[in-house]
Amino acid sequence: MSRHPRQTGRLALRAGSLAAALGLWQLLTTLDVNLWMRFSQFPTVTDVARAFADRLAGPDYWTDLIDSLTRIVTGFLLAAVLGVATGVLVARSRLAEDLLGPVLEIVRPIPAIAMVPVAILLFPSNEQGIVFITFTAAFFPVLVSTRHAVRALIPVWEEAVRTMGGGRWRILGSVILPGALPGIFGGLSVGIGVSWICVISAEMISGQYGVGYRTWQDYTIVNYPGVFVGMVTIGLLGWLTSTAVELVGRRLTRWLPRTSYVPSARPRPARTQASTIEPSKAEEARDEHLV
């Protein structure tokens with residue numbers, strides 16, 4: 001099977017699963033099914049779609065979208081730079097690990113949303129506090145992933161660079177960062193998702209604009225279709241930003257070997273030119289090589 005029909009089939013399967021989920025939602029809410037869960041309280045898919053269209057036609061939706069994206073991008077970029085730098089430093093320096101490790105390990109288990117009172121006390125504006133919450137949420141996944149990725153590198157690569165006369169910066173640029181990139185982007189992918197969770201929560205608590213603030217306002221006035229519009233928007237934004245991070249990661253790690261997963265298929269050994277050679281000719285070629 002060629003590649004393009006296979007991709008088309010996968011896209012059709014994904015679209016079909018999404019359509020089936022929406023159809024089930026519409027059916028349960030239209031029939032007011034009340035078994036273990038009260039679907040009679042839910043808005044229907046058509047109600048949410050109608051509310052979504054109304055929001056798209058107004059200016060407030062796009063203002064909230066831009067505000068939330070600005071907070072996410074600012075906090076995430078700060079977390080990416082400082083998280084990678086701190087992770088490399090802690091993994092490569094015993095002094096840095098002794099000085100920073102205890103503080104980081106104590107702060108790391110604290111949920112970022114629990115930092116909202118700290119942000120309110122520390123920063124003069126809510127905007128700076130929300131960016132701080134977003135930064136905190138993404139910083140620790142990036143830090144931990146970078147630290148583990150650097151420590152997992154094979155020492156022989158570093159020794160080879162040293163043998164050829166390379167110094168610390170040469171090792172950092174040609175061995176440490178390239179070798180740790182897959183782990184780093186794993187942490188970045190996790191960090192961007194956690195950032196969305198925390199920035200929405202921070203906007204609900206102390207924000208004045210943003211998708212999270214608008215969603216909470218809809219809840220307080222019992223506008224449930226508007227609440228679902230906010231939830232769908234958050235899901236789409238999180239998916240788009242996570243996909244962007246993964247695409248950048250694939251672009252920067254093109255040198256890595258790629259594997260394709262095919263369910264219920266046995267791996268076939270690659271047919272090489274040598275496998276088609278007759279046994280006697282293969283032995284002759286091997287003998288000539290040994291001579």
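This is a predicted model: local features need pLDDT of at least 70, side-chain atom pairs count only at pLDDT 80 or more; totals for chains, interfaces and linings use all residues.
**Whole chain.** Of its 291 residues, 32% count as buried. Switch to a surface view: the chain exposes about 19,400 Å², and carbon and sulfur atoms supply 65% of that area. Among contacts with a separation of 6 or more, 70% join residues 24 or more positions apart.

**Nonpolar core.** Next, select Ile-133, Phe-139, Leu-188 and Trp-196, the residues with the most contacts inside the largest nonpolar core, which has 49 residues. Helices H2 (45–57), H3 (59–92), H5 (116–122), H6, H8 (168–206) and H10 each give two or more residues to this core. H8 provides the largest share, 14 residues.

**Leu-188.** Centre the view on Leu-188. Leaving aside neighbours within four places in sequence, Leu-188 is in contact with Phe-76, Ala-80, Val-142 and Val-245.

**Helix H6.** Select residues 126–151. The 26 residues of H6 should span 38 Å at 1.5 Å a residue, and the end C-alpha atoms are 38 Å apart, so the two values agree. H6 is mostly covered, with 19 of its 26 residues buried.

**Helix H10.** Finish with residues 224–252. Then show the buried residues of H10, among them Gly-226, Gly-230, Gly-238 and Gly-249, together with Phe-228, Leu-237 and Val-245. Val-245 is also one of the contacts of Leu-188.

How values were computed. Residues are numbered from 1 along each chain as its sequence is written. Side-chain values use heavy atoms; hydrogens and water are left out. Helices (H or I, at least four residues) and strands (E, at least two) are DSSP runs, numbered from the N terminus. The expected span of a helix is 1.5 Å times one less than its number of residues. Buried means under 20% relative accessible area, exposed over 50%, partly exposed in between (1.4 Å probe, protein chains only). Contact means heavy atoms within 4.5 Å. Accessible areas come from the Shrake-Rupley method with a 1.4 Å probe; for residues, only the protein chains shown count as cover. A nonpolar core is a set of buried Ala, Val, Leu, Ile, Met, Phe, Trp, Tyr and Cys residues joined through side-chain atoms within 4.5 Å.
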